[in-house]
Amino acid sequence: MFPPLYAVLDEELMKTPAVKCAAELVSAGVKLIQYRAKNLSSRKYFENCATLAEALATRSARFIVNDRPDIAAMVGAGGVHVGQHDLHPADARRICGTDRWVGVSTHNLEQVRAVANTPVDYIAVGPVYPTATKKNPDPVVGPALIREARKLTRKPIVAIGGITLERAPEVFAAGANSVAVIRDILESRDPAARACEFLAVAVRSQVASGSAEGKSRGGKRNG
Ligand code: TZP
Ligand code: MG
């Protein structure tokens, strides 16, 4: 099963040190964690990624490095996430090998189609809703693009951009396998408790939609 919650640790929005924040989220049951830092030097980004990779190595979560396949490979991370302006997923794959995940951001159906038959491990689609987190975001795509993407690919789809606990059921119902969340978790008073709530919403949504994930948990198909 693809992890239904993808917690993204943005360096500028974390209220506790990254390693502590990551450890708390993993203890809450989060299985997929990305580190994102847009304003650090390459050297500092590498150092922080190395520290996080080491801290998470013995944990049950996969650690994804944003933007930089080279750093993901060097620190022994569990994967890399590339956008439309980063290295092409095929080149990220050459650097990261087959054991690490390569995920890619898409913002329209054409971009989804372009990666649907390439060896990426998941396709992120967004921004689904307005977001203040990403600088110069692409236009909001709404859950409609998740529905269209779902028809195009069986690869895991990760919804991103403005995802809140309240909006999560709608994107799972549209066909997302997972929600990537920054602000709603990091800015809450208790990020680990908030993550738990997301995980509970994911289970309820997947059972309600009769997805494979829901059925593997013993849920019944709805109609
Ligand atoms: N890519 C598309 S939207 C976004 C990224 C990195 C930011 C998502 O952050 P938030 O705070 O969950 O809206
Ligand atoms: Mg990027």
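At 29% relative accessibility, Asp86 counts as partly exposed, a class lying between buried, under 20% relative accessible area, and exposed, over 50% (1.4 Å probe, protein chains only). The model is a predicted one, in which local features need pLDDT of at least 70 and side-chain atom pairs count only at pLDDT 80 or more, whereas totals for chains, interfaces and linings use all residues. Residues are numbered from 1 along each chain as its sequence is written, chains are lettered from A and ligands numbered from 1 in the order in which they are written, and side-chain values use heavy atoms, with hydrogens and water left out.

Asp86 (OD) coordinates the magnesium ion (ligand 2) together with Asp67 (OD), at 1.9 to 2.2 Å; donors are N, O and S atoms within 2.8 Å of the metal (3.2 Å for Na, K and Ca), and the site may look incomplete because water is not among the atoms. Since Asp67 lies in the loop between strand 3 (62–66) and helix 3 (69–75), and Asp86 in the loop between strand 4 (79–82) and helix 4 (89–96), the pair ties together parts that are 19 residues apart in sequence. Helices (H or I, at least four residues) and strands (E, at least two) are DSSP runs, numbered from the N terminus. Asp67 is buried, with a relative accessible area of 16%, and has a positive phi of about 75° although it is not a glycine. A positive phi, of about 45°, is also found at Asn136, again not a glycine, which is placed in the loop between strand 6 and helix 6 and is exposed, with a relative accessible area of 74%.

The loop between strand 6 (122–125) and helix 6 (142–152) also holds Pro127, and the peptide bond from Gly126 to Pro127 is cis, with omega near 0°. Pro127 is one of the residues around ligand 1, which also include Arg36, Lys134, Ile160 and Arg183, a residue being near a molecule if one of its heavy atoms lies within 4 Å of it. Polar contacts, pairs of N or O atoms within 3.5 Å, involve oxygen atoms of ligand 1: one is 2.5 Å from an N or O atom in the side chain of Thr133, a backbone N or O atom of Gly162 lies 2.7 Å from an oxygen atom, and a polar backbone atom of Ile182 is 3.0 Å from an oxygen atom. Taken alone, ligand 1 exposes 370 Å², of which the protein buries 94%, with areas from the Shrake-Rupley method and a 1.4 Å probe.

The structure holds 5 aromatic pairs, where rings of Phe, Tyr and Trp (its six-membered ring) pair if their centres lie within 6.5 Å, and planes under 30 degrees apart count as stacked, over 60 as edge-to-face and the rest as tilted. Phe2 and Trp101 form a stacked pair, 5.3 Å centre to centre with 15° between the planes. This pair links distant parts of the chain, 99 residues apart, with Phe2 in the segment before strand 1 (5–10) and Trp101 in strand 5 (residues 101–106). Both Phe2 and Trp101 are buried, and ring pairs link Phe2, Tyr6, Trp101 and Tyr122 into a cluster.

With a disulfide taken as a pair of cysteine sulfur atoms within 2.5 Å, the count comes to 0 disulfides. Cys21 is in no disulfide, the nearest cysteine sulfur, that of Cys196, being 13 Å away, and Cys21 is buried at 4% relative accessible area.

How values were computed:
A polar contact is a pair of N or O atoms within 3.5 Å; within protein, one must be able to donate a hydrogen and the other to accept it, and residues adjacent in sequence count only if both atoms are side-chain atoms.
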